[in-house]
Amino acid sequence: MPNFLRLIIAFALLGCSVALMIFGHWGWGILVLLLAIIVVVTFFFNEKMLIAQYYLRKENMDKAESWLKSIKNYETELLKAQHGYYHLLIGLIESRKAPMQSEKYFKKALSLGMTMDHNIALAKLSLAGIAMAKRNKREATMYLQEAKKADKNKLLAEQIKMMQGQMSQLDKTVVQTRGFRPR
């Protein structure tokens, strides 16, 4: 449902609520007011995105993907502030299936912008992992440092530390393979 229709429905429900309260039906008025508040909340937070995030936390990727695919045109159904989060969720789902192809979704999410720092850090950490898988150490180090800066609440500190350990292991394997010459 387009966002402007949600606002029209919310204002109509608000008007009905006020009318019911004026005519003395307080119980129904409060119930309709709560319904109007729910419709306004879905204007700011799309219900399909919330349900997809719920299934991602439960690690049910199939249901999360189906809820995200039910958003036909994200540009009209979501607010502009949610476009980055939409691509981040698709990137997280895609990274389970085909990690190398999820890079474009993470980059798109970063270019569209996200308001929460830990989500920016998550996208950059994922891009660092992809760069490391491509054996691009310079790019991986850059993304890792940016993720460290963006993670102000230290929610991803353990994952960043683990990724740095893997980078040092990557250096050791490169040195060992270069030093060994089979005959």
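1. Glu59 is found in the loop between α3 and α4 (61–69); helices here are DSSP runs of H or I with at least four residues, numbered from the N terminus. Phi of Glu59 is near 60°, a positive value in a residue other than glycine. Glu59 counts as exposed, at 53% relative accessibility. The classes are buried for under 20% relative accessible area, exposed for over 50%, and partly exposed in between, with a 1.4 Å probe and protein chains only.

2. On the basis of the note: this is a predicted model, in which local features need pLDDT of at least 70 and side-chain atom pairs count only at pLDDT 80 or more, while totals for chains, interfaces and linings use all residues. Residues are numbered from 1 along each chain as its sequence is written, and side-chain values use heavy atoms, with hydrogens and water left out.

3. Arg135 also has a positive phi, near 65°, and is a residue other than glycine. Arg135 lies in the loop between α8 and α9 (137–150). Its relative accessible area is 57%, so Arg135 is exposed. A positive phi is also found at Gly24, which follows α1 and has a value near 95°.

4. Helix α1 comprises 20 residues, 3–22, and at 1.5 Å a residue should span 28 Å; its end C-alpha atoms are 29 Å apart, which agrees. The expected span is 1.5 Å times one less than the number of residues. Buried in α1 are Asn3, Arg6, Ala10, Leu13, Ser17 and Met21. These buried residues line one face of the helix, because they fall within an arc of 75° when seen down the axis of α1. The arc is that of the directions from the helix axis to the C-beta atoms. An α-helix has 3.6 residues a turn, so residues three or four places apart point the same way.

5. The buried residues of α1 are covered by elements that include α2 (26–44), α3 (47–57) and α5; contact means heavy atoms within 4.5 Å. Phe4, Phe11 and Ile22, on the other side of α1, are exposed. Cys16 is placed in helix α1 as well, and counts as partly exposed at 42% relative accessibility. Cys16 and Trp28 are 12 residues apart along the chain, with 9.6 Å between their C-alpha atoms.

6. In α4 the buried residues are Met61, Ala64, Glu65 and Leu68. They are on the same side of α4, because they cover an arc of only 100° around the axis. Both α3 and α6 are among the elements that cover the buried residues of α4.

7. Helix α9 has 14 residues, and its first and last C-alpha atoms are 20 Å apart, close to the 20 Å expected at 1.5 Å a residue. Its buried residues are Ala140, Tyr143, Leu144, Ala147 and Ala150. They cover an arc of only 125° around the axis, which puts them on the same side of α9. Arg138 and Lys149 are exposed residues on the face of α9 turned away from its buried side.

8. Gln82 lies in the loop between α5 (74–77) and α6 (83–97). Gln82 counts as buried, at 9% relative accessibility. Leaving aside neighbours within four places in sequence, Gln82 is in contact with Phe44, Phe45, Asn46 and Met49.

9. Leu89 has its place in helix α6 and counts as buried at 6% relative accessibility. Not counting residues up to four places away in sequence, Leu89 touches Met49, Gln53, Leu56 and Leu68. Between Leu89 and Leu127 there are 14 Å in space, C-alpha to C-alpha, for a separation of 38 residues in sequence.

10. The largest pocket holds about 1,100 Å³ of space. A pocket is an open set of points on a 1 Å grid over the protein atoms alone, where a 1.4 Å probe fits, with protein on both sides within 12 Å along at least five of seven lines; lining residues have an atom within 4 Å of a point. Grid points are joined across faces, edges and corners, and the volume is the space filled by probe spheres set on the points.

11. The lining of the largest pocket has 36 residues, and Leu88, Leu89, Leu92, Asn119 and Leu122 lie nearest its centre. Two or more lining residues are given by each of α3, α6 and α8 (117–133). The largest share, 8 residues, comes from α8. By class, the lining has 23 nonpolar, 10 polar and 3 charged residues. Ala, Val, Leu, Ile, Met, Phe, Trp, Tyr, Cys and Pro count as nonpolar, Asp, Glu, Lys and Arg as charged, and the others, Gly among them, as polar.
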